[in-house]
Amino acid sequence: MPQALYESSLTSLPLLGRGKVRENYAVGDDRILMVASDRLSAFDVIMGEPIPGKGALLTKMALFWFDKLDGIVPNHLTGEDPLSVVSGAEREQIRDRAMLVKRLKPLPIEAVVRGYLAGSGWAEYQQSQSVCGVKLPAGLRNADKLPTPIFTPATKAEMGDHDENISFEQAADIIGADLAARVRDISIQLYQRAADFALTKGIIIADTKFEFGLDADGTLTLMDEVLTPDSSRYWPVESYAPGSNPPSYDKQFVRDWLEAVRIDGQPWGKKAPAPALPAEVIANTVQKYEEALQRLTA
């Protein structure tokens, strides 16, 4: 198993901020070094144990998808080697787990696209027969494929808070109607291309979350990670069966364990601190991420 990196600690660049999984460092005024750690968050709580090699796997997968999605919308990659902007002593720390990207003004919404009914979408559908204000046909089951992919935006939460699903109208109020429509149309196009390709590799992408920013000229740009198991629900085709939660390649494995765990006889309250992940849960999670990457890139 590769050496795990729970948190990067570069001194050659100023730290801009730490997210749930990544650290961002300033490279001049116009670029950012994004470093993917091996941390894992579930239910918006960061687990205490790293998943060895996860950051490198996520970075490889994101770069793979940026390439596959080329031509739909500009992305934040600069094409420059991340190792070129840190000191020699720090290169091993970030090798294979960093991207050198353009500095953008992030849009304050998350662009979620759902092709299947799952997770919070399934929960909402059972209450209202709709998801984020999008009316859906009656009689759908958990994990059913939707007639067409739907755009279901969310607000970006502060660390430790939960992202909140919102309607398209609310998204339009936040970023403007024209920009919201462009984000919606581009997100669905990105999802459709990725989902169609993944199916040829035996993977269903049930849903995913994109993030966008604006460059200095106001150009809409795809940023952050893209279509990784951290931001998407990946289901192997061979075990997909509507009516229940299909087995998945993403961190659903960890979520399921957390849902089942009992602390002093009580369910975990989904607040920090998280219960310690057993070695087999860590090993199985690594295996899921590796398998997803191997299937996609084979």
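Gly17 has Asn24 in strand S2 as its bridge partner, and that pair is a handy place to start reading this predicted model. Three bridges in total join strand S1 to strand S2 (residues 22-27), and the two strands run antiparallel.

- Four strands make up an open sheet, arranged in the order S1-S2-S3-S6 with antiparallel pairing.
- Strand S1 (15-18) and strand S6 (98-102) are the edge strands; each has a single partner strand, so one side of each lacks a neighbour in the sheet.
- On average, neighbouring strands of this sheet are turned by 20° against each other, direction ignored.
- Helix H1 (residues 54-68) packs on the sheet, where it touches strand S3 (31-36) and S6. The direction of H1 makes about 45° with that of S6.
- As background, strands of a sheet pair through backbone hydrogen bonds, in either a parallel or an antiparallel way.

**Ser8, a buried residue**

- Ser8 lies in the segment before S1.
- Is Ser8 buried or exposed? Its relative accessible area is 0%, so Ser8 counts as buried, the cut-off for that being under 20%.
- The side chains of Ser8 and Tyr25 are joined by a polar contact of 2.8 Å.
- Leaving aside residues up to four places away in sequence, Ser8 touches Arg18, Glu23, Tyr25, Val35 and Gln93.

**Gly79, an exposed residue**

- Gly79 sits in the loop between H1 and helix H2 (91-94).
- With a relative accessibility of 77%, Gly79 counts as exposed, because the cut-off for that is over 50%.
- Gly79 and Lys102 are 23 residues apart along the chain, and their C-alpha atoms are separated by 9.9 Å.

**Helix H5**

- Helix H5 (residues 177-200) has 24 residues, which at 1.5 Å a residue should span 34 Å; the end C-alpha atoms are 35 Å apart, so the two values agree.
- Which residues of H5 are buried? They are Leu179, Ala180, Ala181, Val183, Ile186, Ser187, Leu190, Tyr191, Ala194, Ala195 and Ala198.
- After H5 comes Gly202, whose phi is positive, near 80°.

Technical notes. Residues numbered from 1 in each chain as written. Predicted model: local features only at pLDDT ≥ 70, side-chain atom pairs only at ≥ 80, totals over all residues. Heavy atoms only, no water. Pairing = 2+ DSSP bridges. Axes fitted to C-alpha atoms, helices over the stretch in contact; angles between N-to-C directions. Contact = heavy atoms within 4.5 Å. Expected span 1.5 Å × (residues − 1). Buried < 20%, exposed > 50% of the residue type's maximum accessible area, 1.4 Å probe, protein only. Polar contact = N/O pair within 3.5 Å; in protein donor to acceptor, adjacent residues only side chain to side chain.
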